[in-house]
Amino acid sequence: MFPRAPAPRDAADEQDTSYSGLMHETGSVRSLVERNFGAAWITGIAMVVATIVFAAIGELPVHDPDSLIPGYIRFPAIVLGAIALDVVPRVL
């Protein structure tokens, strides 16, 4: 007639929320992250090499293409904007 109460759960039923499921064969989470971002590192290094080579061939300076606002103003503004978009609504 009435629904049964759920059975009590023991520690064996708990889902593993630690990083143990992320361990690589070397036993560290760091090696797993490095393996997954290897292509990003290779691509970034290739882009740096290509930029330097093409700048040298074309005798062009390497400069920031977004130099309308200096980096020392732009980067803190991005961080403060991200904080404003994320933290401020949580406080309100």
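Reader: Which residues form the nonpolar patch on the surface?
Author: This is a predicted model, where local features need pLDDT of at least 70, side-chain atom pairs need 80 or more, and totals for chains, interfaces and linings use all residues. Numbering starts from 1 along each chain as its sequence is written, and side-chain values use heavy atoms, with hydrogens and water left out. With about 800 Å² of accessible area together (Shrake-Rupley, 1.4 Å probe), the members are Phe-37, Trp-41, Ile-45, Val-49, Val-53, Phe-54 and Ile-57.

Reader: Okay, is Trp-41 buried or exposed?
Author: Trp-41 sits in helix H2, residues 38-57 (helices are DSSP runs of H or I, at least four residues). Exposed means over 50% relative accessible area, buried under 20%. Trp-41 has 61%, so Trp-41 is exposed.

Reader: How far apart are the end C-alpha atoms of H2?
Author: H2 has 20 residues, and at 1.5 Å a residue it should span 28 Å; that expected span takes 1.5 Å times one less than the residue count. The model agrees, because the ends are apart by 29 Å.

Reader: Which residue just after H2 takes a positive phi?
Author: Look just past the end of H2. A phi of about 50° turns up there, at Glu-59.

Reader: And how much of the chain is buried?
Author: The chain has 3 helices and 0 strands, running α-α-α from the N terminus. Its accessible surface is about 8,700 Å², with 68% from carbon and sulfur atoms. Of the 92 residues, the buried share is 5%.

Methods. Helices (H or I, at least four residues) and strands (E, at least two) are DSSP runs, numbered from the N terminus. Buried means under 20% relative accessible area, exposed over 50%, partly exposed in between (1.4 Å probe, protein chains only). Patches are made of residues with over 30% relative accessible area and no salt bridge: like charges are joined within 9 Å, nonpolar side chains (Val, Leu, Ile, Met, Phe, Trp, Tyr) within 5 Å. A salt bridge is a side-chain nitrogen of Lys or Arg within 4 Å of a carboxyl oxygen of Asp or Glu.
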